Amino acid sequence: RGAKGAVARAAFLRAERRPAGSAGRGPVGLLADLLVYRKLRSAMGGRFRAVISGGAPLSKEMGRFFANIGLPLYEGYGLTEASPVIASNCPGANRVGTVGMAFPGVEIRVAEDGEILARGPNVMRAYHRDPAATQGVIDGEGWLHTGDLGSLDAEGYLTITGRKKELFKTSTGEYVSPVPIEQALCRCRLIDMALVIADERKYLTCLVFPDFEEVALRMDEVGARAQRVEDFLKGGIFRMEIEEHIREVNRALNHWEQIRRFKVVPNRISIDGGELTPSLKIRRHLVEEKFKELIEEMYRE
C-alpha cells in the first residue's frame, strides 16, 4: 500500500512486460533494481546460479519476470521414461516461452498430429514386465511417444502446447487444446483457476474460479469492502474485468477456440474437496460433473 506499494507494483509490471533481461536497464530500470529487484534476490538468498522450472508449462510473463529481476530461470522438459530430461534451456541458449533444445544425444521430432516424440540413450528400454504398455509408448523405430503436444522452431527450440489426451474435439469437428487457453485466462489477477469446456460442444465456455485474496484487494480498491464477496462476484465491476480479459485472450485465438460464455464459481476448490490433485491440477472430469448444471446453463442460454 501507499508509495512503496505503488513502486513495487510498477516494478513488477515492468518485469512482466519488458523483454527478458531488459527491465533493469536504463535510469528507470536501475531504480527498479535498487528498490525492488535487488531486495527480491536478497530475500531468496542472493546467491542463485540457476533456477530450474519443469512439470508444467511456464507462462512467458513469468519467464520474463524472473529474467528481469535477475534470477536466471531455465525451463526444461522431460518425463520419467526419458531419465527424465529431453530438452532444456541453458546459459547462452535461453529462449523464454520454450523448453529449450534437445539434450546432447537426444533426438526430437513432432508427429503429424502434434505429438512430441523423443529418441536417444536416455529413453527407457521397457516398462518392467509390461510389454503391452511398452509397445504403447515406444514404436518400432525407438521413438518414445510422450503424449505431449508441441512444436519445434527453425533453431530447434521446443514449445509445449498441451497434452494429447486433453485435445478436445468440438461438435463441429475442430480440435482445441484447452491448457494454453486456461493458462492465458489465469493471467488475470482476479482468476485463480479456469476450466475450459469444449469436448463435443458447439462452442467453448469456461468456469472461472476467483482468486479470493485478489478479489478482496480489488474490493478495497473500488470501495466495496462492505459488500458481500458473493454479491461482488455477481456485480458489474468484477464481471466487466473478467469479460475484458476474456476478450483480450480471444483476440489471440482462432475463432473456434474463443470463449463464448463463462460462469463464475463462487466457492473455493481444494485438494480436500477432491477437485484438485496433490500437485494442484484441476481434476477435470470430477469438476465438470460437480458443476454440471452451471455448464449446461451456458449452453441453454
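Let's start with the second largest pocket, which has a volume of about 210 Å³. Here a pocket is an open set of points on a 1 Å grid over the protein atoms alone, where a 1.4 Å probe fits, with protein on both sides within 12 Å along at least five of seven lines. This is a predicted model, so local features need pLDDT of at least 70 and side-chain atom pairs count only at pLDDT 80 or more, while totals for chains, interfaces and linings use all residues. Residues are numbered from 1 along each chain as its sequence is written.

Who lines the pocket? Lining residues have an atom within 4 Å of a point, and they include Asp 192, Phe 209, Arg 268 and Leu 280. Strand E11 (191–197), strand E12 (204–210) and helix H6 (212–221) each give two or more residues to this lining. By class, seven lining residues are nonpolar, one is polar and four are charged.

Now for a sheet. Four strands form an open sheet in the order E5-E6-E7-E8, with antiparallel pairing; strands are DSSP runs of at least two residues (E), and two of them pair if DSSP finds at least two bridges between them. On average, neighbouring strands are turned by 50° against each other, direction ignored. At the edges sit E5 (107–110) and E8 (158–163), each pairing on one side only.

Here are two of the pairings:

| Strands | Bridges | Sense |
|---|---|---|
| E5 and E6 (115–119) | four bridges | antiparallel |
| E7 (144–152) and E8 | five bridges | antiparallel |

Glu 107 has Arg 119 in E6 as its bridge partner, and Ser 151 stands opposite Thr 159 in E8. The hairpin of E7 and E8 has five residues between the strands, and Gly 156 takes a positive phi near 95° there.

Technical notes. Heavy atoms only, no water. Points joined across faces, edges and corners; volume = space filled by probe spheres on them. Nonpolar A, V, L, I, M, F, W, Y, C, P; charged D, E, K, R; others polar. Axes fitted to C-alpha atoms, helices over the stretch in contact; angles between N-to-C directions.
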